[in-house]
Each structure stands twice: as structure tokens, then as C-alpha cells.
Amino acid sequence: MFKKFLHSFARRRHPWRAMQFDELAEIYTSMSLRSFGFGIIGIFVPIYLYKNGIDLQGVFWFLSWVFLLRIPVAYVSAFVIGRIGPKHSIALSTVLFILFLSLLLTFTAVGWPLIFLALMFTVSNGLFFIAYDTDFSKVKNSEHGGKELGWLLIFEKGGSAIGPFVGGVFASVFAPELTIVFAITVLIISLIPLFLTNEPVKLHQHISFRGFKWRNHVREGLVMSSLGIDKAASLMTWPLFIAAAILTEDTYVKLGSIIAVSVGLSLFSARMFGSFIDSKKGANLLKYSAVMNAFLYMVRPFVGSVGSVLVVTTVNEPVMLGYRMPVIKGLFDVADSEKGYRIVYLAWIEMAGAAGKLLYCTAVYLLCFLYNDIAVLRWSFMPLSLVALVVLVQRFPALKKT
């Protein structure tokens, strides 16, 4: 039913598609369901640990392990994807994430080691994102990649908007544990669309990192490290700070509602930004959005009320799309040019992003030894105003003006 709706709604908006729309529709469908399932509990994982007795320093110790392990996981994931294909890898990653949620569900009863939880969390997500990027980069239309990326983010953000609200309501009205069960159910359903078409890449590929000229992609590595830090701060530290310092009561439903509103409003930006990128305006979009993002980081330490949280979070969503969409488009086009090294390149990019997240989370963890935990979270946003500008070192051919 959902696929039929998607065909009637989106196919006529892809008039250049003479073939492969089924593959694209499958990605749209699966990503919206996966984002919904992940959104129900994903942003609440650090908060759930915090609410269940892990202090803020301990949460960042957990996150540091997540991103430390992500680097070797990305390396191994390249071989897995080359062997079984991106769709089967996405399915495997989803099963592993369901297993992680099952461990999280029994965390207080069993007392699972945080390192074990970190390993399961990072294996499932590391494998997913490289496989997802490989799948989309292979079936996207090169001339209209910006528009298709915009539509993909519309479906992704749609799921991401509904998920936190539903998860917040479930966690507040019933229990966080029931939210985890519901997320598991949705993630199981998200597996169905993956196998309606064949794998888009050749299976049993021989993947080798030898011969890959990573020195040619140092700029992309710096950009992705910057985006990695930004992602960790925006999607993990910011909600955790809000939960610990501002929304101390009814945290799940209030935070879920704020994120749902902000993400929902950003949907109006995704398609427009995609058109900007395809019309060679991506570099300007990236520049202005990066500067605005730097300004928002300077404002975050002074946020202290529900209203100010809503304003900053709502403004941040379209700004985040404004600098990430051009970068993603640029990365996918470079991946297309790396003949024989598409998966290796995307794994390298994932490693660079993980290195940035590791650096940030470890710094926050160590600073918590010296200062008050909440104060560290609050003022950690200020130096990120400079980190946010590192994306401007990019030199993606796809973003050059003609």
C-alpha cells in the first residue's frame, strides 16, 4: 500500500526516470520506515542510559567507544557489502540494531557492559550507513542527484519527524521499554521493501583498499570529520543537554514533540535545496548554511527555556540540510568517479566521520573530570562554531559553478 502511494506521489516527480524507479522507490520506502523506527528510540538512547543511572560522563565514555569501534567496523563493512550486496547488508544491520535494542531493553535487569552495547550499536549503524550510501549512489540519476537526494531526505525526515514524537509519547505515557518494543516492530517491517528488486551492485566483489589513493581525498576527510563532530553534537549532545539541564520532567514527550516540529518544518526545505544543488548553487547554499550553523553554536550555551530550545532546534534543521545536502551530493559524485573503489571510498568517508565524532566525545568525556558535567555540555558548543566552518575547505567538482 505504501509503495503504491509512493509511486503515485513521487514517480511523476521523476520524469527523467525511464528505468530504475523501482529501485529508488524501494530506497525511499525502506528509509522512511527505518527512520521512523530509529527515530522512535534512536535519539533517546543516550538519554535512556542517563535516566537509568549512567552519569553524563559515563554516557560520553559509551559514545567514545561507539566511535572508536566504528573505524574498524567501517573497514570490515566494506568487505561485507562487497560480498553480500548493500540490500542484504542493510537487512543484516537492521537485525543487529534490533538485537541492540533487545539488549537495551534488558539493560537494567541484566546489567550489560556498556562496551558490549557500544559494539552492537556501532556495528549495526556502521554497516547500515555505508550500505545505504552504496545503494543510493549506485541507483541515483547523476544529472538530477540533488532532486533525488532532496526526495530521499523528505522521506527520511518524514519518518524522523514522526518517530521522536511517537517515541516520546510512548515513553512518557507508558514506559521507555514499550517504546523500544514498538521500535523493534517497525524496524522488522522496514525489511520488507528491501527485497522487492535485485541488488544494484555485483555480488561477491573483491574489495581491496590497496591502490585506493586516499591522499587525493584528504579534503573530503576533513569535511566529513567536521560533519561527524557536528552530527554528534546536534543529534546526541544537544538532546542530552536539553534532557539534563532544561526538560528535566516529562523529558521524552517534550523533547520528542520539539524534534518532531523542527524536523517536520525542515521538510519544506529539502526539495528546494535539491533543486539549488542541481542548478549549480550548491556551493553558495553550503557557505551560507555553514556560517549560520556556526552562529547557532554560539547561541546554544545561552539557551535556558523550552521556548528558546524550540527556536534553536527549529532553525537548526533547515540549516543542517543546507550544508549537508551539498556535501552528500559531492561525495556521491566522487564515489561515482572512483571506478572499482566506490565501496572503499564510502568506507573511508565513514571512517573520517567516525574519527571526528571520537575526537569530540573523548574531549567531552575528559573535560568532565575537570568541570561540572552539565557545564561541559553547555560550553562544548562554543568551540564548535569554528569546527562548523571546516566544511568550507571542500572542493567537490559537483559544487563548482559552470
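Author: The model is a predicted one. Helix α14 comprises residues 342–367, and a loop that contains Leu370 lies between this helix and α15, residues 373–380. The two helices pack with their axes 9 Å apart, at an angle of about 140 degrees. Angles over 145 degrees would count as roughly antiparallel; α14 and α15 are therefore oblique to each other. The crossing in which α14 passes α15 is right-handed.

Leu370 belongs to a nonpolar surface patch that also includes Leu366, Leu367, Phe369 and Tyr371, and together these residues have about 560 Å² of accessible area. Leu370 itself counts as exposed because its relative accessibility is 61%, and the limit for that class is over 50%.

Within α14, attention may now pass to a charged residue. Glu350 forms a salt bridge with Arg70, and their closest N and O atoms are 3.0 Å apart. Since Glu350 lies in α14 and Arg70 in helix α4, residues 56–84, the pair ties together parts that are 280 residues apart in sequence. Glu350 is buried, at 14% relative accessible area, and Arg70 is likewise buried, at 4%.

The count of salt bridges comes to three. One of them joins Arg324 to Asp230, with the closest N and O atoms 2.8 Å apart. Arg324 belongs to helix α13 and Asp230 to helix α10, so this pair ties together parts 94 residues apart in sequence. Both Arg324 and Asp230 are buried. A salt bridge also links Asp333 with Lys329, at 3.1 Å between the closest N and O atoms.

Notes:
Residues are numbered from 1 along each chain as its sequence is written. This is a predicted model: local features need pLDDT of at least 70, side-chain atom pairs count only at pLDDT 80 or more; totals for chains, interfaces and linings use all residues. Side-chain values use heavy atoms; hydrogens and water are left out. Patches are made of residues with over 30% relative accessible area and no salt bridge: like charges are joined within 9 Å, nonpolar side chains (Val, Leu, Ile, Met, Phe, Trp, Tyr) within 5 Å. Accessible areas come from the Shrake-Rupley method with a 1.4 Å probe; for residues, only the protein chains shown count as cover. A salt bridge is a side-chain nitrogen of Lys or Arg within 4 Å of a carboxyl oxygen of Asp or Glu. Helices (H or I, at least four residues) and strands (E, at least two) are DSSP runs, numbered from the N terminus. Buried means under 20% relative accessible area, exposed over 50%, partly exposed in between (1.4 Å probe, protein chains only). Axes are lines fitted to C-alpha atoms, for helices over the stretch in contact, and angles run from 0 to 180 degrees between N-to-C directions. Angles under 35 degrees count as roughly parallel, over 145 as roughly antiparallel, 65 to 115 as roughly perpendicular and the rest as oblique. A crossing is left-handed if the near helix is turned anticlockwise from the far one by less than a right angle, and right-handed if clockwise.
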